[in-house]
Amino acid sequence: MQAVSFSLTLSLLLALTVTACGSGNGNSTAQPNSSPNSTVNEPGGTTNETNPAEEELKPEAGAELTVWEAKEQVEYMKQLAADFEKEYGVPVKVEEMAGGDQGTRLATDGPSKLAADVLTLPHDQIGQAVKAGLLLPNDVFEEETKSTMVETAIQASTYDGILYGYPKSVETYALFYNKDLISEAPKTWDDVIAFANTYNKPKENKFAIMWEFVGYYSYPFIGSFGGYIYGDNNTNVKDIGLNNEGTVKGFTFLQSLKGILPLNAGDITYDVKTQLFQEGKLAMNIDGPWSIAMFKDHVNLGVAPLPKGPEGQDSISFSGVKSYYVNSYTVYPVASRLFAHFASSKENQLKNFEMTGAIPASIEAGEAPVIKDDPIISGFFEQFQHSVPMPSLSEIKSVWEPLKAAFVSLWNDPGLDVKQTLDKTVSTIQADLDSK
């Protein structure tokens with residue numbers, strides 16, 4: 001069992017427990033939080049007045065949990081679930097669900113008690129989930145979490161001043177390259193172009209470089225050139241920068257790259273580029289640490305920062321933080337909190353890295369030699385220094401589809417007017433914001 005240091009608010013938590021869920025054993029029909037500032041279904045127990053730091057949090061009698069996990073991390077999660085059951089006596093069922101679908105399913109399945117007790121969300125999705133009352137705060141383990149995780153992970157897992165997440169991993173994308181095809185990673189896009197002119201053989205499905213055509217991967221063509229999504233570090237939704245001079249310049253440069261990747265956007269999917277990279281036909285692949293496991297046994301893999309822009313500027317990527325979150329509709333809020341805390345420990349973050357390549361959010365895990373001395377992970381760390389967090393405002397949802405549409409249309413038709421296209425994109429985003 002893991003010791004839990006309770007804050008001075010323990011007495012309030014206990015009072016809320018009695019009010020909200022009677023015996024605190026998970027058999028009540030207590031409802032989820034009605035606002036992000038309220039706390040329900042808190043653990044009961046007797047305070048050890050002589051040594052409260054040794055107070056233990058115990059799961060509800062008869063608790064059993066369901067956890068959602070993405071395909072690439074299912075095997076890791078099954079091992080973690082077995083370890084948790086061994087330590088706490090609580091069985092955990094692992095259900096495979098794509099990371100991008102978990103938030104949506106929580107919104108539809110949470111109120112009907114069909115959703116997982118614990119799930120993983122990228123930090124840009126928590127604003128909407130909190131507003132809908134779908135997440136319980138990370139309250140019992142708040143101070144411990146804040147003291148053991150990197151600050152950016154804490155900020156990304158916090159909404160409106162309240163910590164909700166149990167940080168799991170930090171990530172950005174970088175340049176994967178096959179050392180058998182290109183011995184050294186290109187430093188600039190000019191270097192990429194020069195290599196592509198000698199390597200590309202489209203009829204043989206041989207290409208120098210690929211990336212996915214979704215809004216997430218478009219940011220280097222925005223932020224690296226002086227563009228932005230929302231002003232004031234993505235906090236001012238009244239200031240949309242997707243049609244400013246910098247973004248126009250960046251997407252104009254994007255169009256110029258069509259010559260080295262002569263395919264339409266719809267033909268470049270994650271599965272397509274993954275297969276080509278595994279087969280040794282794709283030399284460079286812009287991807288993230290979540291895909292390391294897909295390549296480490298197939299490719300002589302190297303990872304480097306993204307190529308510098310045409311004026312020598314660093315390419316700025318989006319970075320993100322994934323955290324475990326507790327479903328506010330869970331019947332077992334104590335066991336769920338324990339699992340999220342257990343899963344986010346230093347030891348389990350290092351195990352996750354070893355099995356899947358996920359970069360830890362734990363400060364101590366990040367200092368471990370297995371991380372610091374890893375030639376692949378070091379490439380992500382270097383790119384991480386040239387990244388900005390994805391906006392966590394719920395208003396980001398108004399951006400992704402219009403931005404993807406612009407990204408795709410400007411690529412598919414290099415003759416399309418960039419400024420006019422981006423003006424329409426901003427108008428679409430603004431209209432959606434106004435409607436809400």
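**Helix pairs, a pocket and a cavity**

Visitor: Why are H17 and H18 called roughly antiparallel to each other?

Guide: In this predicted model, local features need pLDDT of at least 70 and side-chain atom pairs count only at pLDDT 80 or more, while totals for chains, interfaces and linings use all residues. Residues are numbered from 1 along each chain as its sequence is written, and side-chain values use heavy atoms, with hydrogens and water left out. The axes of H17 (residues 397-412) and H18 (residues 418-435) cross at roughly 165 degrees and come within 9 Å; angles over 145 degrees count as roughly antiparallel (under 35 is roughly parallel, 65 to 115 roughly perpendicular, the rest oblique), and the two helices are therefore roughly antiparallel.

Visitor: Which residues make the contact between H17 and H18?

Guide: With contact taken as heavy atoms within 4.5 Å, residues of H17 including Ser398, Pro402 and Ala406 meet residues of H18 including Val418, Thr421 and Ile429. By class, this contact has nine nonpolar, five polar and one charged residues, where Ala, Val, Leu, Ile, Met, Phe, Trp, Tyr, Cys and Pro count as nonpolar, Asp, Glu, Lys and Arg as charged, and the others, Gly among them, as polar.

Visitor: What makes H2 and H13 a roughly antiparallel pair?

Guide: H2 (residues 74-88) and H13 (residues 346-356) pack at an angle of about 150 degrees, with their axes 10 Å apart, and they are therefore roughly antiparallel to each other by that cut-off. Their contact joins Glu75, Tyr76, Gln79, Leu80 and Asp83 of H2 to Asn348, Lys351, Asn352, Met355 and Thr356 of H13, and its residues divide into three nonpolar, four polar and three charged.

Visitor: What makes a space a pocket or a cavity?

Guide: On a 1 Å grid over the protein atoms alone, a cavity is a set of points where a 1.4 Å probe fits but cannot get out, whereas a pocket is an open set with protein on both sides within 12 Å along at least five of seven lines, and lining residues have an atom within 4 Å of a point. The second largest pocket has a volume of about 480 Å³, and of its 24 lining residues His123, Asn233, Pro389, Met390 and Ser392 lie nearest its centre. That lining divides into twelve nonpolar, eleven polar and one charged residues.

Visitor: How many cavities does the rule give, and what lines the largest?

Guide: The count comes to four cavities of 30 Å³ or more, and the largest cavity holds about 120 Å³ of space. Of the 15 residues lining the largest cavity, Trp189, Pro220, Phe221, Leu306 and Ser315 lie nearest its centre, and the lining has twelve nonpolar, three polar and no charged residues.

Conventions
Axes fitted to C-alpha atoms, helices over the stretch in contact; angles between N-to-C directions. Helix = DSSP H or I, 4+ residues; strand = E, 2+ residues; numbered from the N terminus. Points joined across faces, edges and corners; volume = space filled by probe spheres on them.
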